Amino acid sequence: MKKLALFLVSILILTPTANAFALKEKVWDIFDLEHIYYYDPDGEKCTPSSGSVVSGENTLYNGETIFTADDQNRLAENRPIYERAANNYGIPWQVIAVMHFRETRLRRFNPANGQGIYQLYSYTGGGSNENAFLPAGEVSEAEFERQTELAAKLTKEKYGAGLNLNTDDGVKTLFFRYNGVANAYIAQARSLGFSEAEANRGEGSPYVMNLADEKRDARNNPNWKQIKTDNGPMTTANLQPGSFVVYSALGGSSGYSSCSNNGSGNGNLNQTAINLAWPEYGHGLTARDTYKTALSDVGLSTYGDPYARIGASCDAFVATVFRYSGVDPNFTCCGIRGHGATWNYVTNSGKFEEVPNRAGSLKPGDIRLSEGHIEMYIEVNGVGKIASASYGERTGEIGTFYDNSATFKAYRWKGN
Amino acid sequence: MTDTSLFRFNSNEKQKRIFRYSIISFIIIFLGIIIFFVVNTIINIDKTSEIRILVAPSDSTVTIDGNTYKTDSTIKIKPGTYNVKIEKPGFISYHGSIKANDSETSYLYEYLNEENENGTFYKDNEKENLIAQRISDLNADIFHQNYTGTDPIWNITPYYNYKEGLKITAEKENDNIIIKTYLLTCIDEDIPNLKQKALSYLEENKINLKNYTIKFSNC
């Protein structure tokens, strides 16, 4: 009898519920099948984010030196003259220095073509006043000052007319105009995925952006071309740094660069997002250790909302990437839905510009924002991805790229 | 004088009787449970779909084909398409439909907006605002999943290789996926070589080219 009772109890305990008969469970882990094909956390190449080249450092994107010791001596010697002329016209002195570097390699020297130290073609009347800067050869300090003053005046009144030279975009446009806006360079920028506005700022011009990054380095991109003679063909670009690259090296850019491996203060949104997010979906609320550290460092681990504190919130993730990278330590968090604080910051602070939300136009570090969600576009080994978190559901994770342009707008960091 | 022997049980007999009653009770309960499960199974046997519900405000009334459900719940239901109503006084009602597929979970994630455009319900009520935020994020994830599905093309695009002179993107048009390959050259002689590089990239990544429409363009 006792054995029978035990048997019945066992059956009762082991009897499955009717629900199990009625339904095959399908759980909320729909992204488990995804994987990041190219992810290589140790091998990821650090690529500067948009809007920057080098920031006051004497190196190109790949670490190569820009200014020789001789260049630096000349810069130091000439700088007071650049500054005086630039101050007279309210423009950055670095603009004058760049023109000097590009045209006569910082020498106080008149070339034989009569266009002077800064090659002021327009001042010579398009060549009709070919004696404007002669004789050829070394010039006195007074003549150097005179020509520098003229260069500053033309920069302000002609090439820079209507431009805000306190912004990177304004300076890029200035250099593009100075070199002569060529349709071939606009087309070249568009073929590299730049927007029309960016193309018109000279992103496709080697004179402006040569050696700014891998794709604008003819050693890596044989299709990066340049017109080297008047009305000549497009041929493989030379290896002279673009004007804006040089300008940035002189500390003129408001951008950011120089990479490190841990993502902290590296000025690189792409690398920081890769470092903080899991390389695939399926981690629920469990943040990577790197993300936990970053949340603490940027002051969000003590933020009032419990999910933001652990990083399982879309706005907290993007804010952490911006703050921890050092790109924007003041990135506002949190609140997206209902035009919350983060939504308002991205759309109304003036620090972001709207860009087309489509593959080919997006750059690593761009934000995609709707009325209720925020996420970041990144690239992993040349493949576009989306890094994001979801409120109360999942921590920072990297997923596939998808088109959400019908309801999301894209924004790019412009700077303060 | 009372004959107490009539009321006195042999202790051994008493124990047997209690045990017998326990077994009978147990069998009755057990059979009852079995019958309940069997009946429940028969009733629910065709409810092979699931709907996950999350709605804000949390005291809204959610009705699916006339039946009322909680605003944060999961229900089992027969496969089919159902009419959904979400209502709360002072808020714009939601009227829609939801399709429940066999052995799958469908999602009813909605938050109601106030009738008064300047209303401050969500601003004043942090808990409700966070539920609405969660709903927004969940819907973004669902859109993402529905867009890409499990097609492998989304794992390898958009792809940029400026050294090779390639840019490859994928776009969804209705149920078709278009692969757009940009050959970064203005020189006609380079085109065949770059086309081959693009196709090699796709094939090396286990993309069955027959499943897609592939377009090429260049400078």
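Helices (H or I, at least four residues) and strands (E, at least two) are DSSP runs here, numbered from the N terminus. This is a predicted model, in which local features need pLDDT of at least 70 and side-chain atom pairs count only at pLDDT 80 or more, while totals for chains, interfaces and linings use all residues. Residues are numbered from 1 along each chain as its sequence is written, and chains are lettered from A and ligands numbered from 1 in the order in which they are written.

**Stop 1: one residue in chain B**

Select B:Ile178, which lies in strand β10 (residues 176–183) of chain B. A residue is buried if 20 or more other C-beta atoms, placed from the backbone, lie within 10 Å of its own, exposed if 12 or fewer, and partly exposed in between. B:Ile178 has 13 other C-beta atoms within 10 Å, so this residue is partly exposed. Now show what B:Ile178 touches (contact means C-beta atoms, placed from the backbone, within 7 Å). Leaving out residues up to four places away in sequence, you will find B:Ala170, B:Glu171, B:Glu173, B:Thr213 and B:Lys215.

**Stop 2: a sheet in chain B**

Next, pick out the open sheet of four strands in chain B, ordered β3-β2-β5-β6 with antiparallel pairing. Strands count as paired if DSSP finds at least two bridges between them. β3 (67–69) and β6 (94–100) of chain B are at the edges with a single partner strand each, so one side of each has no neighbour in the sheet. From one strand to the next, the twist averages 30 degrees. Zoom in on β2 (residues 61–64) and β5 (residues 80–87) of chain B, an antiparallel pair with four bridges. Here B:Thr63 is opposite B:Lys85 in β5(B).

**Stop 3: where the chains meet**

Show both chains. The contact takes 54 residues from chain B and 47 residues from chain A. Which element supplies the largest share of the side of chain B that touches chain A? That is α3(B), with 15 residues. By class, this side of chain B has 23 nonpolar, 19 polar and twelve charged residues; Ala, Val, Leu, Ile, Met, Phe, Trp, Tyr, Cys and Pro count as nonpolar, Asp, Glu, Lys and Arg as charged, and the others, Gly among them, as polar.

**Stop 4: two helices in chain A**

Move to α3 (residues 69–89) and α5 (residues 141–159) of chain A, which pack at an angle of about 35 degrees with axes 9 Å apart. Axes are lines fitted to C-alpha atoms, for helices over the stretch in contact, and angles run from 0 to 180 degrees between N-to-C directions. Residues to display include A:Ile81 and A:Tyr82 on α3(A), and A:Phe144 and A:Thr148 on α5(A). Seven nonpolar, three polar and four charged residues make up this contact.

**Stop 5: buried faces in chain A**

Select helix α12 (residues 289–297) of chain A, whose buried residues are A:Thr290, A:Tyr291, A:Ala294 and A:Leu295. They sit on the same side of α12(A), because they cover an arc of only 135 degrees around the axis; the arc is that of the directions from the helix axis to the C-beta atoms. Their cover includes α11 (269–276), α14 (314–325) and β9 (394–400) of chain A. After α12(A) comes A:Gly299, with a positive phi near 85 degrees.

Finish at helix α7 (residues 183–191) of chain A, where the buried residues are A:Tyr185, A:Ile186, A:Gln188, A:Ala189 and A:Ser191. These pack against α8 (196–200) and β3 (225–227) of chain A.

Note on methods
Contact = placed C-beta atoms within 7 Å.
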